[in-house]
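Please look over the sequence and the structure below before reading on. The paragraphs that follow walk through the chains one region at a time.

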Amino acid sequence: MSDNDWTPDQPLVSIRDVHKSFGNLEVLKGVTLDVMKGEVICIIGPSGSGKSTLIRCVNALNTIDSGSIKVEGQEVHDPNLDKLDLRKKVGMVFQQYNLFPHKTALENIMMAPLKVLKQPQAEVEERAHKLIKRVNLGGKENAYPGELSGGQQQRVAIARSLAMNPDVMLFDEVTAALDPETVNEVLLAIKDLAQDGMTCILVTHEMGFAREVADHIYFTDRGVIVEHGPPATFFTEAKDPRTKEFLSQIL
Amino acid sequence: MNAFQQYFFDLAQQHPKWNFIYFYDPVQTERVIDGLWMTLQLSVICVIFSVIIGVVGAWVQGAHSKTVRLLMQGYIQFFRNTPPLVQLMFFYFALGQFTPTYSPDGWLEVPIISNVGWAIISLSFFAGAFNVEIFRAGIEAVPESTQEAAEALGMNRLQIYIYVVLPLAFRVTLPALNNNLVNLVKTTTQALAIAVPELLYQMISIYNDYSTAQNACMLFLFFAYIVLVGILVFGMHRWERGMRIPGYGQ
Amino acid sequence: MKSGTRNNTDLAVLKPFNYSPTGSVHDLQFSRWLAEFSPRSLIFFVFLFSLWPGFALAQSNYSMAQALEALWRWLPFVVGQGFVLNLVVSFLTMLIGTIAGVLLGLGQISPLRPLARSCWFVTQLFRNSPWLVLLFIVMLAFPFEIEIGGRVFQIPDWLKAVFGLALPIMANISEIVRGAILSVPTGQWEAADSLAYSRHQTLWLVILPQCFKRMIPPWMNWYAILTMATPLISLLGVEEIITLSRQAMEAEDNHPELLVPFFGFALVIFFAYCYPIARYTLRLEKRFAIRQ
């Protein structure tokens, strides 16, 4: 895509020693992690530990102060960053869904491919219909966000991101604002995606889900990665006292 | 003279106080139609310009440059502060002195901006100042997070403004915009002060020429503006209902 | 990083819309805007307008000093006769408009359907007509003299203008009254009902005392709007500040350099008069808001 020497066997997202402050508050104090193609990683940790900020930096919604974030070899921490090129590769789903309330579910999905990528209407429409069925919302094509439940809106939001054909998806606490009974339908949609081989970075509080779908779990606290490992060992053999305390509270 | 004209002609003969002269005298009919047409033109053109000024102004207010924002603020404060009547006079009499003139026949000196032109400029800027504030408030009502979602989908600032912010902002602003535009249509009457031949001006001149037509002229004026404002309000309400987003009732 | 509140699927799509134009009767947009100025801005305006002739037409032989001197000479005439008349008109208009408006507003909430409907209709009619049209109609429709008990009274133009301006004021006050009464919770009506108050007693003993304070700030807001609108009557030949300013300029041979000092002075004096009113309106509104 861009003129760099990235090859698919290198990390798809590579985060190196990232620092980020809001005013006097340093929220990221040297975070380093890699995500390989097809890998699903979960970032967990207490509120205010900087995990949302970290993934918002990956698609340049926030800028970083120092360090490096590379997506398929493209440096995000670059004043001349081609944001459109980056955002074609990186999809993002938000805690508050953030659908466009004046557009139907289908229009929400089609908007960016039509207006940003300028793809032909017929092709985009066909893809949007497939996507809406994929997130199990067949029949809701013409519903407005206000007519959908939180879980349904969030699934439309996932389909909307997928319509851009991203290589990596970011999920920022996507179930935190949902009714408990609709959390599952969203998690299922994400799981389905993960099983299809989509590279995913999730910030989540759903430990059961993390254990089930993640290839690797990172625990962050006060701006640093305290501990990480595959789910099989992470939940049972945590060494750091902070991790233990967090897990004991949440499990 | 057809039956309609004959009826009002006879009415004027029998009851001199009810001389609907514009219904049977073609010359006066034409004056009324001209006045109505001028009022309509003034209203429609000023509504369009003022909305454009509002949309562009609100966009400019979000600019990074502090100077630009300050200039915008100055414009809004000036036009909101001063009575539109004084604005009209100021534009026409004070600024009108400085406009270049041209000479169609080598003798006459005609300013390139006529009094109608000044009325359009002055009234558009007057209503536009309010529209900027209205649209700005509407834009502020669109949550950052919705704009962020659009940004994450790769839209640039202009695309976000056109496809996401404006359509949403427009919906919340419609009632306020409606009020302001009604006010604008009412304010077009003040163009009389610089002799713009709109409806009020024409009706007053008919009355000045034919004093028996006084009651008829006043009746017509009163109902003409009620109908005009009524049409605008009706249209705006229809539009508001059409734009309502299902599922998000106010 | 906030963890979202659970069980909340009805996320606000839009934040509150913080604007209401002067056209709406209840908001104090006009006063709010006016009160935002610092008192020092007045001095700045005066300074700005007094500078104008100096840089606008520096090449002409009529100097800034001459223009200001002319303004100074005519000041007692323009203010003492002109602006004072604007104030008299505004007081009387407000008096008549308020009395008529309160009656009309009470009529709007009358249980008698036909009365309520017709009061609503009259209110809408006069709220939606251009002030200037109403002014002209009253100017022409009113006789210039009336006979009471064999004696003939002349009605001066400015008095007719008062009636013309009172019509839209009446309609807007009517809306203020209706809105204020409707804003009292229905529980109050029900409580009074259960205490066997008559409708009349409920209205005068329970409801109106509660909403009286609420009506004061919007009422004062309309007073400021009205005062700013009084120059309109100059178009009908009433000898208020704008008319007299033009007469004064004519007497000074209509130098174009006079336009800005004279009209600028008019702007400043209106501003100086309405500004404290606006400040006070907002202070009252804040005080009432806290108490409630």
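Which residues have the most contacts inside the largest nonpolar core? In this predicted model, they are Leu200(B), Trp131(C) and Ile181(C), and the core to which they belong has 80 residues. The element that gives the most to this core is helix α8 of chain C, which spans residues 199-229 and supplies 12 residues. Apart from this core lies another one, of 54 residues, and among its members are Val116(A), Cys46(B), Phe130(B) and Leu177(B).

Leaving aside residues up to four places away in sequence, Trp131(C) touches Leu165(C), Pro168(C), Ile169(C), Trp222(C), Ile225(C), Leu226(C), Ala229(C) and Leu232(C). Of the 292 residues in chain C, 50% are buried. Among the contacts in chain C with a separation of 6 or more, 77% come from residues 24 or more positions apart.

Within chain C, one helix pair can be followed in detail. Helix α5 of chain C (residues 131-141) and helix α6 of chain C (residues 157-182) have axes that come within 8 Å and cross at roughly 135°, and α5(C) and α6(C) are therefore oblique to each other. The crossing of α5(C) and α6(C) is right-handed. On the side of α5(C), the residues that meet the partner helix are Trp131(C), Leu134(C), Leu135(C), Val138(C) and Met139(C), while those of α6(C) include Asp157(C), Lys160(C), Leu165(C), Pro168(C) and Ile169(C). By type, the residues of this contact between α5(C) and α6(C) divide into 11 nonpolar, 1 polar and 2 charged.

Chain A has helix pairs of its own, and helix α5 of chain A (residues 150-162) takes part in both of those described here. With helix α3 of chain A (residues 105-115), the axes come within 8 Å and cross at roughly 25°, so α3(A) and α5(A) are roughly parallel to each other. Their crossing is right-handed. In this contact, Ala105(A), Asn108(A) and Ile109(A) of α3(A) meet Val156(A), Ala159(A) and Arg160(A) of α5(A), and the residues divide into 4 nonpolar, 1 polar and 1 charged.

The other partner of α5(A) is helix α6 of chain A (residues 180-195), which packs against α5(A) at an angle of about 20°, with the axes 8 Å apart. That angle makes α5(A) roughly parallel to α6(A), and the crossing of α5(A) and α6(A) is right-handed. The residues of the contact of α5(A) with α6(A) divide into 6 nonpolar, 4 polar and 2 charged.

Burial can also be followed along a single helix. In helix α1 of chain A (residues 51-58), 8 of the 8 residues are buried, so this helix is largely enclosed by the rest of the structure. Its buried residues include Lys51(A) and Arg56(A) as well as Leu54(A), Ile55(A) and Val58(A). Just after α1(A), the backbone of Ala60(A) takes a positive phi of about 65°.

Asp17(A), although it is not a glycine, has a positive phi of about 45°; Asp17(A) lies in strand β1 of chain A (residues 13-22) and is partly exposed, with a relative accessible area of 43%. Asn98(A), also a residue other than glycine, has a positive phi near 55°. Asn98(A) sits in the loop between β6 (90-93) and α3 of chain A, and with a relative accessible area of 5% it is buried.

Chain B supplies a last stop. His15(B) is found in the loop between α1 (3-14) and α2 (21-24) of chain B, and, at 42% relative accessibility, His15(B) counts as partly exposed. Although His15(B) and Val51(B) are 36 residues apart along the chain, their C-alpha atoms are separated by 47 Å.

Notes
Residues numbered from 1 in each chain as written. Chains lettered and ligands numbered in written order. Predicted model: local features only at pLDDT ≥ 70, side-chain atom pairs only at ≥ 80, totals over all residues. Heavy atoms only, no water. Axes fitted to C-alpha atoms, helices over the stretch in contact; angles between N-to-C directions. Helix = DSSP H or I, 4+ residues; strand = E, 2+ residues; numbered from the N terminus. Parallel < 35°, antiparallel > 145°, perpendicular 65-115°, else oblique. Left-handed = near helix turned anticlockwise from the far one by under 90°. Contact = heavy atoms within 4.5 Å. Nonpolar A, V, L, I, M, F, W, Y, C, P; charged D, E, K, R; others polar. Buried < 20%, exposed > 50% of the residue type's maximum accessible area, 1.4 Å probe, protein only. Core = buried A, V, L, I, M, F, W, Y, C linked by side-chain atoms within 4.5 Å.
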